[in-house]
Amino acid sequence: DRVWEDECKKDFHAMPFGKRLWICPSWEDASKLPKDAVVIDMDPGLAFGTGTHQTTDLCLQYLDENPPINQSVIDYGSGTGVLAIAAVKLGAKRAIAVDNDPQAVLATIDNVKTNQVDDQIEVLHSDKEGDLDKVDLLIANILANPLIGLCEHFSGLVKSGGKITLSGILQEQLDMVLEAYSKYFIELTATQKEQWCCVNGVRK
(Lines give C-alpha, C1' and ligand atoms only; values in the text may rest on other atoms or scores of the structure.)
Protein backbone atom coordinates (compact mmCIF):
# COMPACT_ATOMS: atom_id res chain seq x y z
CA ASP A 1 0.00 0.00 0.00
CA ARG A 2 0.97 3.70 -0.18
CA VAL A 3 2.22 3.92 3.39
CA TRP A 4 4.63 1.04 2.86
CA GLU A 5 5.90 2.62 -0.38
CA ASP A 6 6.45 6.01 1.30
CA GLU A 7 8.31 4.37 4.20
CA CYS A 8 10.46 2.53 1.67
CA LYS A 9 11.44 5.79 -0.03
CA LYS A 10 12.87 7.10 3.23
CA ASP A 11 15.14 4.08 3.64
CA PHE A 12 16.05 3.12 0.08
CA HIS A 13 18.60 5.37 -1.64
CA ALA A 14 21.02 4.97 -4.53
CA MET A 15 23.65 2.41 -3.53
CA PRO A 16 27.13 1.74 -4.94
CA PHE A 17 28.58 -1.74 -5.55
CA GLY A 18 32.26 -1.95 -6.35
CA LYS A 19 33.77 0.93 -8.32
CA ARG A 20 31.16 1.73 -10.97
CA LEU A 21 27.89 -0.09 -10.36
CA TRP A 22 24.94 1.73 -8.76
CA ILE A 23 21.33 0.75 -8.06
CA CYS A 24 19.12 3.82 -8.18
CA PRO A 25 15.40 3.97 -7.25
CA SER A 26 13.05 6.07 -9.39
CA TRP A 27 12.68 8.78 -6.73
CA GLU A 28 16.43 9.55 -6.70
CA ASP A 29 18.22 11.70 -9.30
CA ALA A 30 20.64 9.46 -11.22
CA SER A 31 22.32 12.55 -12.74
CA LYS A 32 23.87 13.23 -9.32
CA LEU A 33 25.80 9.94 -9.42
CA PRO A 34 29.45 9.84 -10.63
CA LYS A 35 29.90 10.40 -14.38
CA ASP A 36 31.27 6.89 -14.97
CA ALA A 37 28.49 5.21 -12.96
CA VAL A 38 26.79 2.16 -14.48
CA VAL A 39 23.24 2.68 -13.24
CA ILE A 40 20.56 0.03 -12.68
CA ASP A 41 17.14 1.65 -12.31
CA MET A 42 15.28 -0.39 -9.72
CA ASP A 43 12.69 0.14 -7.00
CA PRO A 44 12.31 -2.31 -4.11
CA GLY A 45 9.40 -4.69 -4.73
CA LEU A 46 7.97 -8.03 -3.70
CA ALA A 47 10.59 -10.15 -5.48
CA PHE A 48 13.88 -10.76 -3.69
CA GLY A 49 17.01 -8.98 -4.79
CA THR A 50 17.47 -5.23 -4.84
CA GLY A 51 21.15 -5.39 -3.94
CA THR A 52 20.77 -4.71 -0.23
CA HIS A 53 21.22 -8.32 0.87
CA GLN A 54 24.79 -9.54 1.38
CA THR A 55 24.34 -12.37 -1.14
CA THR A 56 23.27 -10.01 -3.94
CA ASP A 57 25.96 -7.53 -2.93
CA LEU A 58 28.66 -10.22 -3.32
CA CYS A 59 27.46 -11.03 -6.86
CA LEU A 60 27.29 -7.36 -7.88
CA GLN A 61 30.80 -6.77 -6.52
CA TYR A 62 32.02 -9.77 -8.55
CA LEU A 63 30.43 -8.44 -11.75
CA ASP A 64 31.89 -4.99 -11.16
CA GLU A 65 35.38 -6.46 -10.69
CA ASN A 66 35.00 -8.95 -13.56
CA PRO A 67 32.82 -7.27 -16.21
CA PRO A 68 31.49 -9.99 -18.57
CA ILE A 69 32.34 -8.06 -21.76
CA ASN A 70 30.92 -9.75 -24.90
CA GLN A 71 29.96 -12.80 -22.83
CA SER A 72 26.75 -14.81 -22.58
CA VAL A 73 25.30 -15.01 -19.07
CA ILE A 74 22.61 -16.94 -17.17
CA ASP A 75 21.17 -15.41 -13.99
CA TYR A 76 19.60 -18.48 -12.35
CA GLY A 77 17.10 -17.68 -9.60
CA SER A 78 16.90 -14.16 -10.94
CA GLY A 79 14.55 -12.61 -8.34
CA THR A 80 14.25 -9.06 -9.68
CA GLY A 81 16.68 -9.65 -12.54
CA VAL A 82 19.22 -7.29 -11.00
CA LEU A 83 22.21 -9.53 -11.78
CA ALA A 84 21.22 -10.13 -15.41
CA ILE A 85 20.68 -6.38 -15.87
CA ALA A 86 24.03 -5.60 -14.21
CA ALA A 87 25.80 -8.13 -16.45
CA VAL A 88 24.40 -6.60 -19.65
CA LYS A 89 25.07 -3.03 -18.51
CA LEU A 90 28.66 -4.08 -17.76
CA GLY A 91 29.13 -5.38 -21.30
CA ALA A 92 27.59 -8.88 -21.62
CA LYS A 93 26.22 -9.43 -25.13
CA ARG A 94 23.18 -11.33 -23.86
CA ALA A 95 21.69 -12.78 -20.68
CA ILE A 96 18.98 -15.22 -19.71
CA ALA A 97 17.14 -14.70 -16.42
CA VAL A 98 15.50 -17.85 -15.00
CA ASP A 99 13.29 -18.17 -11.90
CA ASN A 100 10.75 -20.66 -10.57
CA ASP A 101 8.58 -17.97 -8.94
CA PRO A 102 5.98 -16.35 -11.28
CA GLN A 103 6.16 -13.12 -9.22
CA ALA A 104 9.93 -12.96 -9.78
CA VAL A 105 9.50 -13.55 -13.53
CA LEU A 106 7.05 -10.63 -13.74
CA ALA A 107 9.33 -8.40 -11.64
CA THR A 108 12.29 -9.25 -13.86
CA ILE A 109 10.34 -8.49 -17.06
CA ASP A 110 9.33 -5.09 -15.65
CA ASN A 111 12.86 -4.23 -14.52
CA VAL A 112 14.40 -5.34 -17.82
CA LYS A 113 12.01 -3.01 -19.69
CA THR A 114 12.66 -0.13 -17.27
CA ASN A 115 16.38 -0.49 -17.91
CA GLN A 116 15.85 -0.73 -21.69
CA VAL A 117 17.76 -3.99 -22.03
CA ASP A 118 14.85 -6.16 -23.18
CA ASP A 119 16.56 -6.77 -26.53
CA GLN A 120 19.48 -8.44 -24.70
CA ILE A 121 17.79 -10.29 -21.82
CA GLU A 122 15.43 -13.25 -22.16
CA VAL A 123 13.27 -13.93 -19.09
CA LEU A 124 12.05 -17.49 -18.46
CA HIS A 125 10.12 -19.45 -15.85
CA SER A 126 12.20 -22.53 -15.00
CA ASP A 127 9.36 -24.77 -16.24
CA LYS A 128 9.88 -23.31 -19.74
CA GLU A 129 13.66 -23.52 -19.63
CA GLY A 130 14.07 -26.25 -22.26
CA ASP A 131 17.52 -26.73 -23.78
CA LEU A 132 19.59 -23.63 -23.19
CA ASP A 133 22.83 -22.87 -25.01
CA LYS A 134 25.96 -23.10 -22.90
CA VAL A 135 27.14 -19.76 -21.54
CA ASP A 136 30.38 -18.06 -20.52
CA LEU A 137 29.10 -17.16 -17.04
CA LEU A 138 26.38 -18.58 -14.81
CA ILE A 139 25.35 -16.63 -11.72
CA ALA A 140 23.06 -18.26 -9.15
CA ASN A 141 22.07 -16.36 -6.03
CA ILE A 142 19.81 -18.89 -4.30
CA LEU A 143 20.58 -21.08 -1.26
CA ALA A 144 23.10 -23.82 -0.52
CA ASN A 145 20.79 -26.85 -0.76
CA PRO A 146 19.28 -25.89 -4.14
CA LEU A 147 22.78 -25.00 -5.38
CA ILE A 148 24.00 -28.48 -4.46
CA GLY A 149 20.93 -30.05 -6.08
CA LEU A 150 21.47 -28.05 -9.28
CA CYS A 151 25.22 -28.71 -9.49
CA GLU A 152 25.04 -31.24 -12.34
CA HIS A 153 22.46 -29.13 -14.21
CA PHE A 154 24.63 -26.02 -13.92
CA SER A 155 27.70 -27.93 -15.11
CA GLY A 156 25.82 -28.65 -18.34
CA LEU A 157 24.99 -24.96 -18.85
CA VAL A 158 28.55 -23.59 -18.64
CA LYS A 159 31.09 -23.83 -21.46
CA SER A 160 34.46 -25.44 -20.77
CA GLY A 161 36.58 -22.63 -19.34
CA GLY A 162 33.43 -20.65 -18.50
CA LYS A 163 32.85 -19.21 -15.04
CA ILE A 164 30.35 -19.78 -12.27
CA THR A 165 29.38 -17.49 -9.38
CA LEU A 166 27.26 -19.01 -6.63
CA SER A 167 25.80 -17.03 -3.74
CA GLY A 168 23.35 -17.52 -0.88
CA ILE A 169 25.73 -19.83 1.01
CA LEU A 170 26.10 -19.58 4.77
CA GLN A 171 29.64 -19.95 6.10
CA GLU A 172 28.92 -23.34 7.69
CA GLN A 173 27.55 -24.66 4.34
CA LEU A 174 30.57 -23.59 2.27
CA ASP A 175 32.48 -26.89 2.41
CA MET A 176 29.44 -28.88 1.20
CA VAL A 177 29.03 -26.58 -1.82
CA LEU A 178 32.75 -26.67 -2.63
CA GLU A 179 32.77 -30.46 -2.44
CA ALA A 180 29.78 -30.79 -4.79
CA TYR A 181 31.15 -28.35 -7.38
CA SER A 182 34.74 -29.63 -7.33
CA LYS A 183 33.58 -32.53 -9.52
CA TYR A 184 32.90 -30.15 -12.44
CA PHE A 185 34.75 -26.91 -11.62
CA ILE A 186 38.33 -25.93 -10.81
CA GLU A 187 39.93 -22.84 -9.22
CA LEU A 188 37.09 -22.68 -6.69
CA THR A 189 37.46 -19.65 -4.44
CA ALA A 190 35.15 -18.03 -1.90
CA THR A 191 34.52 -14.43 -0.88
CA GLN A 192 32.59 -13.57 2.26
CA LYS A 193 30.43 -10.77 3.65
CA GLU A 194 29.35 -11.28 7.27
CA GLN A 195 28.03 -14.88 7.50
CA TRP A 196 27.36 -15.19 3.72
CA CYS A 197 29.73 -16.64 1.11
CA CYS A 198 30.01 -16.44 -2.66
CA VAL A 199 31.85 -19.17 -4.61
CA ASN A 200 33.58 -18.59 -7.96
CA GLY A 201 34.99 -21.28 -10.21
CA VAL A 202 35.97 -22.30 -13.74
CA ARG A 203 34.34 -25.15 -15.68
CA LYS A 204 36.68 -28.08 -16.36
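## A walk around Leu 63 and its neighbours

Leaving aside residues up to four places away in sequence, Leu 63 touches Pro 68, Leu 83, Ala 86, Ala 87, Leu 90, Leu 137 and Ile 139. Touching, or contact, means heavy atoms within 4.5 Å.

Before we go on, a word on the model: it is predicted, so local features need pLDDT of at least 70 and side-chain atom pairs count only at pLDDT 80 or more, while totals for chains, interfaces and linings use all residues. Residues are numbered from 1 along each chain as its sequence is written, and side-chain values use heavy atoms, with hydrogens and water left out.

### The core around Leu 63

Leu 63 belongs to the largest nonpolar core, which has 29 residues. A nonpolar core is a set of buried Ala, Val, Leu, Ile, Met, Phe, Trp, Tyr and Cys residues joined through side-chain atoms within 4.5 Å. Buried means under 20% relative accessible area, exposed means over 50%, and partly exposed lies in between (1.4 Å probe, protein chains only). Which residues of this core touch the most other members? They are Leu 21, Ile 23, Ile 40, Leu 60, Leu 63 and Ile 121.

At least two core residues come from each of strand 1, strand 2, strand 3, helix 2, helix 3 (82–89), strand 5 (94–99) and strand 7 (135–141). Helix 3 gives the most, with seven residues. The names of these elements follow DSSP runs numbered from the N terminus: helices are H or I with at least four residues, and strands are E with at least two. Apart from this core lies another, of 26 residues, including Tyr 76, Leu 166, Val 177 and Ala 180.

Helix 2 has 12 residues, and from its first C-alpha to its last it reaches 16 Å, close to the 16 Å expected at 1.5 Å a residue. That expected span is 1.5 Å times one less than the number of residues. Because 10 of its 12 residues are buried, helix 2 is largely enclosed by the rest of the structure. Among the buried ones are Gln 54, Asp 57, Tyr 62 and Leu 63.

Helix 3 is mostly covered too, with seven of its eight residues buried; Val 82, Leu 83 and Ile 85 are among them. Just after helix 3, Gly 91 takes a positive phi of about 120 degrees.

How do the two helices sit together? Two packed helices are described by the angle between their axes and the distance between the axes. Helix 2 and helix 3 pack at an angle of about 10 degrees, with their axes 10 Å apart. Axes are lines fitted to C-alpha atoms, for helices over the stretch in contact, and angles run from 0 to 180 degrees between N-to-C directions. The two helices are therefore roughly parallel to each other (angles under 35 degrees count as roughly parallel, over 145 as roughly antiparallel, 65 to 115 as roughly perpendicular and the rest as oblique). Where they meet, helix 2 brings Thr 56, Cys 59, Leu 60 and Leu 63, and helix 3 brings Val 82, Leu 83, Ala 86 and Ala 87.

### Strands and their partners

Three strands form an open sheet in the order 1-2-3, with mixed pairing. Its edge strands, each pairing on one side only, are strand 1 (15–17) and strand 3 (38–41). Neighbouring strands of this sheet are turned by 25 degrees against each other on average, direction ignored. Helix 2 (residues 54–65) packs on the sheet and touches strand 1 and strand 2; its direction makes about 60 degrees with that of strand 1.

Two strands pair if DSSP finds at least two bridges between them. Here are three pairs with one bridge partner from each:

| Strands | Direction | Bridges | Example |
|---|---|---|---|
| Strand 1 and strand 2 (21–24) | antiparallel | three bridges | Pro 16 with Trp 22 |
| Strand 4 (72–76) and strand 5 | parallel | five bridges | Ile 74 with Ile 96 |

Strand 5 is mostly covered, as five of its six residues are buried.

Most residues other than glycine have a negative phi. Gln 116 is not a glycine, yet has a positive phi of about 55 degrees. Gln 116 lies in the loop between helix 4 (102–114) and strand 6 (121–125) and is exposed, with a relative accessible area of 68%.

Glu 194 also has a positive phi of about 55 degrees. Strand 9 and strand 10 form a hairpin with two residues between them, and Glu 194 sits in the turn. At 54% relative accessibility, Glu 194 counts as exposed.
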